[in-house]
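Hi everyone, thanks for making time this morning.

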Amino acid sequence: MSSIQSSRRIFLKQSALATLGVFLSDSLARVSYAASKERLTVLSSIGLDTLHPYAHSSSPQYGIWQNMIEPLVEVNYAKRDYFGVLAESWQFQGKKWIFKLRKNVRFHDGSAFTANDVIYSINRIKNDKQSLQKDNFRDLTEMQAQDDHTIVFTTEVPNAVFLDRLQNRFIISKSGTEAQGDQTEQKPVGTGPYRFLSWQRDGNLVMTRYDNYWGTKAEIREIVLRRVKEDSGRVAGLLAGQGDVVNNVPVEELSRFEKNPRVRAEKVEGVRMYFLAMNVTHKPFDNKLVRQAINYAVDPTAIIKHIYEGNGYVMNGPMGSNVIGFDPKIKRYPVDIKKAKELLDKAGYPQGLEVKLYFSPDRYPKAKEVCQVIADQLARAGIKAELVSQEFVIFWGKEGVNGGKLPFYYVGRPAADADTVYDQYYRSGVSPRIQYKNPEFDRLVDDEQKTGDSKKRVAILQQLGRILMEDVPFCPLYTLAEIYGVARNVNWKARPDEKLIYAEMKIR
């Protein structure tokens with residue numbers, strides 16, 4: 001590193017710390033452990049965009065909400081299976097799902113949790129104009145409360161993946177919400193281990209422990225979540241003792257944690273899967289040989305080593321290792337430049353070809369550096385890739401990915417269940433993102449979505465993965481480590497789904 005680069009880096013860190021010091025002044029500036037059983041301060045790149053619990057669809061915000069309002073079911077990533085939260089048990093009976101709900105649960109306003117609250121919440125998700133989650137229940141035709149703690153969901157056709165649709169769909173109090181009138185943004189009334197205290201847009205969210213929580217009571221009394229967008233600002237705040245937990249730690253900052261007795265890094269393999277998507281309605285990606293050539297040319301191992309300093313995990317197929325439907329037998333295409341050139345020749349491009357590779361630098365970490373490496377790797381096979389950088393709102397919008405306008409792009413997609421990705425990206429007619437069409441693939445998706453036996457359904461998901469690895473309308477890359485900075489007196493293990501559940505944290 002040159003002296004100029006070194007000086008610039010020091011200057012940026014000092015500036016970030018100074019800015020954060022002003023932002024977090026008052027009683028929070030301290031050099032000893034800040035975290036205690038009374039208060040824990042989180043410096044987060046993500047804050048709540050709204051107090052409407054259904055007007056968003058992003059994993060980090062789901063994690064914030066889950067501290068205050070809870071779902072019926074949650075995912076055990078280690079076992080690649082579901083477990084109950086507000087639901088105790090469930091049965092799949094063709095077009096019906098019957099759920100037994102947890103008893104003796106009370107909302108933060110003191111009202112009892114019943115099946116009517118579930119019906120109310122899901123109707124809000126389905127029908128609220130601001131809801132961005134309504135597609136999860138597009139095939140739900142009826143909900144019936146058999147009694148206060150039994151609810152029956154009826155779908156158009158048998159839907160074996162209904163549990164995945166319920167994950168991250170949070171239940172709010174019918175009476176507690178209606179009592180607030182027709183406000184656009186309402187105080188969330190949930191059943192979680194923490195209850196809402198205050199919120200400032202682009203500012204602080206404060207939650208306080210709910211002492212009548214149905215489960216194990218949280219140890220920490222108050223949580224203060226402060227939004228700090230800049231990576232350097234969050235890290236500087238943690239090192240200065242102005243915060244106790246920070247998310248999205250840049251890999252280049254990890255060495256600073258090793259030298260600091262107050263903090264540690266917490267890492268776990270994430271569920272966001274990164275890949276190169278190829279829209280098969282655009283030339284030359286309509287040709288399977290070209291798509292296969294790209295898979296032979298790209299080496300994600302080099303990207304993980306040189307850009308993410310080893311903090312990543314190569315994907316051998318369409319799914320990451322902690323996703324339901326992962327197939328450990330699938331192997332990715334080996335790096336073989338000679339084979340890639342031979343395939344391009346057979347495809348009618350003996351002199352190579354030119355493409356545009358689209359990416360969004362403000363959404364995915366180090367996306368520009370990643371795409372530069374991919375462009376260099378493709379060039380060795382005779383594919384000249386022009387990089388096109390777009391703001392995420394354009395990249396992801398109707399003139400971009402979700403309008404089917406981008407032929408070739410770098411993207412990351414989290415999932416707990418392979419069906420979510422297979423249905424949305426590769427099933428005919430669901431979205432224009434890739435526009436892959438394969439009747440056999442569609443038939444198998446229909447089959448797995450109707451199969452109640454989880455082992456048989458996983459076997460079908462694995463078969464779907466093998467079909468995709470032959471046709472490759474994508475190039476699998478990697479999952480990345482989710483990296484957090486944590487005060488050493490906070491006992492906590494990171495989750496793979498970007499969620500910070502504060503009731504899981506203990507103070508040593």
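This is a predicted model: local features need pLDDT of at least 70, side-chain atom pairs count only at pLDDT 80 or more; totals for chains, interfaces and linings use all residues.

**How the pieces pack**

Let me start with a pair of helices: H14 and H15 are roughly antiparallel to each other, because their angle falls in the class over 145 degrees. Residues are numbered from 1 along each chain as its sequence is written, and side-chain values use heavy atoms, with hydrogens and water left out.

Now, the details of that pair. H14 covers residues 439-450 and H15 covers residues 454-471; they pack at about 165°, with axes 9 Å apart. The axes are lines fitted to C-alpha atoms, for helices over the stretch in contact, and the angles run from 0 to 180 degrees between N-to-C directions. The labels come from DSSP runs numbered from the N terminus: helices are H or I with at least four residues, strands are E with at least two. The crossing of H14 and H15 is left-handed, meaning that the near helix is turned anticlockwise from the far one by less than a right angle; clockwise would be right-handed.

Which residues make the contact? On H14 they are Glu440, Phe441, Leu444, Val445, Asp447 and Glu448, and on H15 they are Arg457, Ile460, Leu461, Gln463, Leu464, Ile467 and Leu468. Contact here means heavy atoms within 4.5 Å. By class, that gives 8 nonpolar, 1 polar and 4 charged residues. Ala, Val, Leu, Ile, Met, Phe, Trp, Tyr, Cys and Pro count as nonpolar, Asp, Glu, Lys and Arg as charged, and the others, Gly among them, as polar.

H15 has another neighbour, H13, residues 418-426; their axes come within 10 Å and cross at roughly 40°. H13 and H15 are therefore oblique to each other, and this crossing is left-handed. From H13 we have Ala418, Asp419, Tyr422 and Tyr426, and from H15 Arg457, Leu461, Leu464, Gly465 and Leu468. That contact has 6 nonpolar, 1 polar and 2 charged residues.

Elsewhere, H8 (residues 288-297) and H10 (residues 337-346) pack at about 165° with axes 8 Å apart. That makes H8 roughly antiparallel to H10. Among the residues that meet are Leu289 and Tyr296 in H8, and Ile337 and Leu343 in H10. The contact of H8 with H10 divides into 9 nonpolar, 1 polar and 2 charged residues.

How many of the residues of E19 are buried? The count is 14 of 14, where buried means under 20% relative accessible area, exposed over 50%, and partly exposed in between, with a 1.4 Å probe and protein chains only. E14 (residues 263-278) runs antiparallel to E19 and is joined to E19 by 12 bridges; two strands pair if DSSP finds at least two bridges between them. Leu276 has Cys475 as its bridge partner in E19. E15 (residues 312-314) is joined to E19 by 3 bridges, also antiparallel, and there Tyr313 partners Thr479.

Next, an open sheet of 4 strands, ordered E5-E6-E8-E7 with antiparallel pairing. E5 (87-93) and E7 (140-147) stand at the edges with a single partner strand each, so one side of each has no neighbour in the sheet. Neighbouring strands here are turned by 20° against each other on average, direction ignored. H3 (residues 115-127) packs on the sheet, touching E6, E7 and E8 (150-155), and its direction makes about 165° with that of E7. Within the sheet, 6 bridges join E5 to E6 (residues 96-101), and Phe92 has Trp97 as its partner in E6.

Last stop: H6, residues 231-239. Buried residues make up 7 of its 9, so H6 is largely enclosed by the rest of the structure. Among them are Arg234, Val235 and Leu238. Just after H6, Gly241 takes a positive phi of about 80°.

Thanks, everyone!

Definitions and conventions: Angles under 35 degrees count as roughly parallel, over 145 as roughly antiparallel, 65 to 115 as roughly perpendicular and the rest as oblique.
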